[in-house]
Structures are given as C-alpha cells and as structure tokens.
Amino acid sequence: MPINTAMHIANRALLLAQASMEVTAHNMANVNTKGYSRQELELIPSPTYKSAFGEMGSGVSGEKISRMYDATLTRNLIRQSSLLAKYETEKSIIWQIETIFNESLDNGLNRVLAEFWNSWQEVANNPEGNPERMSLMENSHALINTISQMRASLDEQLMDLNLRIKDAVTEVNILVEEIAELNESISRAEMGRFNANDMRDQRDVLLRRLAGLIEITEFEDPRDGSTFVLTPKGFPLVEGNVYWTLSSAKDVAGNDRIYWNRSPDARVDITDTFDQGQLGGLVKIRQNIIEDFYTQFDAFTAMLIKEVNRQHAQGAGLVHMTDATGTYEVSPFARLETNLAGEDNDIVFTAKNTGADGDQVTITFLDPGGLNQPLGVTVVNNDITISLARDSGGNFTATARDIIDFINTDSGAGAAAARALVSVALAQDNDGRGLVSAMEETNLNRHLSNILTFGEDMAAGSFDLITYDASNSPAVNTINVNPNDTREDILAQIGESFATGIAGIRASIVADDSGKEHLKIEADTSNGYDYTLANDTASILMALGLNTFFSGHDTATVQLNQTIENNLSFINAGMVSAEGETSRGSNVNALTIADLKDRAYLFQNGPSTISEAYNTLAADIGSTAHTINRNTDFTENLVMQLEQQRDSISAVSIDEELTNMIKFQYAYMAAAKIITTSDEMLQSLISMV
C-alpha cells in the first residue's frame with residue numbers, strides 16, 4: 001500500500017472518529033430532552049481502487065447522520081396518546097362530578113330528601129302544630145338548597161369545561177402554526193441528501209402535543225419531508241407551510257362549539273367530529289354524559305315538584321285563602337313545540353304577537369325534493385314555510401340547531417320575516433343535533449296544555465272552587481277544564497269581577513316584576529268572602545301553580561311557594577269534604593304526601609320512586625366514572641408500553657454512549673498511530689535516498 005494512501009486513509013479515519021465523537025456528545029447532551037431521537041453517524045467503506053494485488057480499499061467514509069426512529073411505532077404512539085388524553089380529560093371531570101353527587105358520607109341529597117318526607121309525617125301526627133310546620137319548612141329549604149347547590153356545582157363544571165374548550169382551541173392554533181413553520185424549515189434544510197434530525201424530533205413532539213388536544217391524521221410528503229395534518233373528517237390543519245385555524249363560539253344552549261376556519265369569512269362546525277384528544281374528551285363528556293346527568297337530575301326534581309304540588313293542591317290549610325296567584329306563567333303568546341320523528345330535533349316557536357294575531361301563525365317543514373337543496377325560509381302573510389336542506393344523496397341534512405341559527409341570523413328576506421313573527425328555541429331536553437324531517441302545516445296556539453310549564457300533564461277534568469261567605473257557609477263551584485282551554489276559558493268560568501261568575505270571587509291576569517303574566521284568584525273580602533281549592537282531577541292547579549307547595553320546574557328554579565313562606569297555615573295537611581267543609585285537625589293530605597315517597601312514577605329509565613330516580617342518577621355517575629377509570633388505566637398502560645418500545649429504539653443510553661465514546665477514542669488513537677507510523681516510514685525512505 002502506498003504510504004501517501006495510508007496517511008490519506010488515516011486522516012479520513014481521524015476526521016470521522018472525531019465526527020462520531022461529536023454525534024455521541026450531542027446524544028449525551030440531549031439525554032433528558034423530551035422527544036429527542038438518538039443519532040448515529042453511518043460509516044461505510046470508501047470506494048476501492050485497482051492495484052497490482054487487486055482491488056484495494058481506500059478507508060472509511062461518512063454516509064449521513066441517521067436518526068434512530070420507527071415511523072410506524074411513533075404514529076401508533078401519537079394515536080394512542082390522543083386516546084389517553086381523551087380519557088384523562090374525562091376522568092378529571094367525572095371525578096369532580098362524583099364529588100357533587102357523593103352520598104357516602106351521609107350528608108348528601110338522600111338524607112335531606114328523607115328528612116323532607118319525614119317532616120310531612122310529623123305534620124300528619126300533629127296537623128295544627130306550628131313547630132311541625134316550621135320543621136317542614138326548614139327541611140324543605142334544606143332540600144331546595146341542596147338541590148340548588150348541586151346544580152350550581154354542576155353548572156360550574158360545565159362552565160369550566162367550555163373554558164377548557166376555548167383554551168384547547170387556542171393551543172391547537174399555536175401548534176399548527178409551529179408545525180407549518182417547522183415544515184418549511186425541514187424542507188429547506190433537506191434540499192440536499194441530509195436529514196434535519198433535530199427539527200424532525202421537534203415536529204414529532206408538536207404532533208404528539210397536538211394529538212393530545214385533537215384527534216389527527218398525519219402523513220409525510222416524501223418529496224420534501226413536510227407533514228400534512230388533517231382532522232378526523234379530513235379538514236386540513238397543515239399542508240406544508242400553510243395552516244388553518246380553529247375557533248369557538250357559543251350556541252343557542254350556551255355551549256362552545258368548535259369551528260374549522262375555511263377562510264376569514266367562512267367556517268364549518270366540526271364539534272361532532274371529535275372523538276379523541278382533550279377536545280374529544282371535553283365534547284363527548286359534555287354531550288353524552290353531563291347533558292344526560294342534567295336531564296336525569298332535572299327529571300328527578302321536576303317529578304318531586306309536580307307530584308308534591310299535585311297532591312298539595314288537593315288539600316286545605318288551617319285557614320281559607322283570600323287571594324292566590326299562580327307561580328307559573330300563563331303566556332299571552334301562542335306557541336308550538338314540534339314533535340318530530342327522531343331525537344333531539346324539536347323546536348319551540350313562540351309568536352311575537354299576542355292573542356288572535358299570534359294564533360294565526362302556522363309552521364310547515366317542507367320537503368323540497370331533489371338533490372343539493374339549501375335550507376330556506378319563506379313567509380306568506382302569517383304562514384312560515386321552512387324548506388329543508390338535502391344533500392347530493394337526497395338525505396335531509398338540517399338539524400334543529402341549523403334551523404334556529406338560520407332564522408336568527410340569516411340576512412335574507414324570508415328569515416327576517418320569520419323573525420318578525422316568531423322567536424325560536426330548542427325544546428326542553430333537546431340538544432338540537434337531530435335531523436329535522438318534513439312536517440305538515442301546524443298552527444301555533446295558546447292552549448293551557450301547550451303554554452304552561454307542566455301543561456303536558458293536564459287532562460280533561462275539573463277542580464272545585466269552594467267559596468265561604470261571611471257566615472262561613474260553603475258553596476262548591478266546579479270549574480270544568482280541558483287541555484285545549486285557553487286562559488280566557490278559565491277566566492270566563494270563574495268570572496272577572498265580583499258581580500259576574502262565581503259569587504264573591506273574581507279571576508284576573510296579573511304581571512309580575514319581570515312582566516310575566518299569571519292567573520290570580522281573589523275573594524271579595526270586603527263582603528266577608530274567602531275560598532279554598534280542591535278536587536283537581538285535571539292537574540290544572542298544579543300546572544298553574546295555585547295552592548301548591550313548590551314553585552319552579554327544575555333544579556335551577558325550584559323554590560318554596562312564596563305563599564307558604566309568608567304563612568305556614570297554608571301548608572295543606574287536611575282535605576276538603578264533599579260538602580266543602582274543612583277541619584283544622586285533618587291530616588289526610590299530609591299522610592298522602594308523606595306516602596308519595598313510596599309511589600313509582602315513570603322516568604327515563606323506567607318506573608321508580610322519586611328517591612330511586614335520584615339513586616339511579618348517582619349510580620350512573622359511579623358506573624360512568626368506573627368505566628372511564630378503567631379505560632384510562634388500560635390506555636395508560638398501552639401508551640407506557642409503546643413509549644418503552646420507542647425508548648428501546650430512540651432513547652439515549654448513557655452507558656451505551658460512554659461505550660461508543662471509548663470506541664471512537666480508540667479509533668481516533670489508532671488513526672493517529674497510522675499517521676505517526678506512516679510518517680516514520682516516509683522519513684526512513686527519505687534518509688535512504
């Protein structure tokens with residue numbers, strides 16, 4: 001081997017040993033850097049050359065600095081990390097909800113509910129006793145306060161959840177911009193044949209963080225090394241150095257919806273496309289879990305209010321009434337609540353004109369036929385026609401939310417004319433995401449069963465209005481009721497002045513401080529009249545809030561009737577006889593109310609008592625928490641295993657790098673020795689000449 005060639009080989013080996021040492025030093029310096037992938041200088045034999053002895057080697061060459069990386073494993077880790085982020089988000093929320101509905105310490109809702117029922121039994125034991133009535137009022141307040149506090153805590157969780165959605169959307173936007181910038185840097189750096197290893201590691205860290213927020217699909221463009229990032233339904237977030245952002249805005253229910261911003265002036269609601277990541281967890285637990293808890297909690301409270309009020313309205317207190325005002329609004333505006341096939345798609349239309357003008361409004365959901373039909377509204381006189389949207393396959397695509405948003409915000413003449421006639425809102429317990437189908441022309445109306453809060457519980461029947469004159473002589477007056485009656489029908493039967501209708505009684509419509517109207521019945525006290533209400537077979541007294549114990553209709557509004565707050569004598573422990581007589585010592589109604597705790601009523605999950613309905617809710621929360629915890633633990637273990645597999649390939653091992661350092665040190669020393677020896681040989685040759 002020529003001497004100059006040996007020195008050339010040694011010189012190259014010296015440089016590559018030094019370069020390998022630098023790569024090792026870089027690895028060791030980044031041993032604690034998150035997401036860093038171990039690097040290695042790939043060494044290959046240099047090209048051979050012909051010699052008298054055959055092909056002769058020319059030493060070593062450096063191919064490239066490689067990144068120890070498994071793309072498939074990393075992609076799987078990103079996907080599973082997204083799923084874990086979803087479960088961890090759900091776990092943090094369900095844990096807080098569990099604390100709200102915690103019954104393990106015997107200081108929860110079950111205890112105050114039991115004390116409420118027991119208080120009615122105590123009133124039955126001594127119906128004239130003021131201490132028993134005060135105890136009932138105190139325990140009723142405790143029950144109401146507990147329900148209200150639990151509702152407020154649940155509201156706080158929902159508010160915090162919506163804030164977390166907004167924060168997550170902001171973080172997504174930051175990450176997609178950074179990924180786009182790294183794409184540009186990587187593409188520019190890799191225009192040659194080398195890899196931008198450190199920047200690729202940084203991009204993988206960002207992709208994993210992004211996957212922790214939102215489920216993504218990502219793939220690399222082999223031409224320039226840039227990454228494409230898409231949402232689950234194919235909405236692009238990053239394409240090369242171009243990126244799109246998300247935004248959030250509240251819907252008609254006050255919840256934050258997530259939008260993909262196609263352009264500054266166009267956006268698409270993609271909330272329902274999320275299934276993984278923090279946003280997926282927040283959206284799913286809000287839509288599928290928290291909303292169901294609200295529904296069950298409100299159903300429990302509404303049934304408690306209705307059934308106690310229904311029975312309380314049948315009885316009589318220690319004194320007769322001189323005037324009573326219903327706690328529930330008797331609106332002068334006609335309304336229509338759709339009853340469409342499917343779920344979560346019903347809308348309430350309320351006329352903006354009172355009386356007959358409002359009754360003349362009609363609503364029609366029209367099937368336009370054909371394909372690719374847009375949502376539209378036309379108005380002729382008082383007839384509103386909503387032309388439903390159809391897609392390219394001829395399927396209905398408009399949801400209740402779409403229709404509400406269109407009528408409320410569209411600038412077209414049809415929507416504007418509809419807004420002038422009606423206001424629109426989601427029906428109770430609907431989330432508005434259900435598809436709306438065709439519906440024939442339907443009139444808005446002011447039937448009591450339609451406009452009262454608990455109007456749907458009304459039936460054809462009657463109630464008795466018993467009047468007492470100055471000599472306390474009773475007169476039983478039967479008021480016939482039909483669910484299709486209007487408030488004017490009730491006013492006409494009772495009479496709107498003391499001189500018409502029932503002697504010594506008049507009925508009127510009065511407005512409260514907020515302008516809401518209620519039915520009021522008052523006696524002619526100047527002539528010694530008073531009255532009681534009883535024998536309600538139509539549930540109209542309960543629906544109007546007359547002679548009732550509670551006011552309100554759900555967990556957010558439940559209160560004690562102000563009439564009872566002001567005078568405990570109006571707690572109806574007794575009953576009215578067939579002749580209209582009352583007895584201060586009667587306890588029949590108190591006993592019946594106390595027994596309500598053992599009666600089964602029809603709830604969403606089937607027949608159960610009121611207490612069992614709440615226990616079912618508490619059990620559902622516990623079961624949901626158990627499922628989420630189990631899913632979290634399983635996915636956490638899976639991610640841990642994937643991370644261990646990744647670390648076995650990509651992580652820096654100090655022991656291994658120290659070994660490499662010693663190896664490259666000896667290689668360097670060997671190359672130096674070759675140079676020294678070659679130099680000595682060259683010197684010997686020169687001295688011989």
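A surface patch is made of residues with over 30% relative accessible area and no salt bridge, and nonpolar side chains are joined within 5 Å. The model shown here is predicted. In this model, Val31, Ile654, Leu658 and Met661 make a nonpolar surface patch of about 260 Å².

Met661 lies in helix 16, which covers residues 654-688. Its relative accessible area is 31%, so Met661 is partly exposed.

Thr399 is buried, because its relative accessible area is 14% and buried means under 20%. Thr399 sits in the loop between strand 18 (383-387) and helix 8 (400-409). What does Thr399 touch, leaving aside residues up to four places away in sequence? The contacts are Gly432, Arg433, Gly434, Leu435 and Val436.

Now turn to a sheet. Strands of a sheet pair through backbone hydrogen bonds, either parallel or antiparallel. Here, three strands form an open sheet in the order 9-10-11, and the pairing is antiparallel. Strand 9 (246-250) and strand 11 (266-269) are the edge strands, each pairing on one side only. On average, neighbouring strands of this sheet are turned by 40 degrees against each other, direction ignored.

Look at the pairing of strand 10 (residues 256-263) with strand 11. Four bridges join these two antiparallel strands. Ser263 stands opposite Ala266 of strand 11. A helix also packs on the sheet: helix 4 (residues 130-189) touches strand 9 and strand 10. The direction of helix 4 makes about 160 degrees with that of strand 9.

Definitions and conventions: Residues numbered from 1 in each chain as written. Predicted model: local features only at pLDDT ≥ 70, side-chain atom pairs only at ≥ 80, totals over all residues. Heavy atoms only, no water. Buried < 20%, exposed > 50% of the residue type's maximum accessible area, 1.4 Å probe, protein only. Contact = heavy atoms within 4.5 Å. Patch = residues over 30% accessible without salt bridge, like charges linked within 9 Å, V, L, I, M, F, W, Y side chains within 5 Å. Areas by Shrake-Rupley, 256 points an atom, 1.4 Å probe, with all protein chains shown as cover. Salt bridge = Lys/Arg side-chain N within 4 Å of Asp/Glu carboxyl O. Pairing = 2+ DSSP bridges. Axes fitted to C-alpha atoms, helices over the stretch in contact; angles between N-to-C directions.
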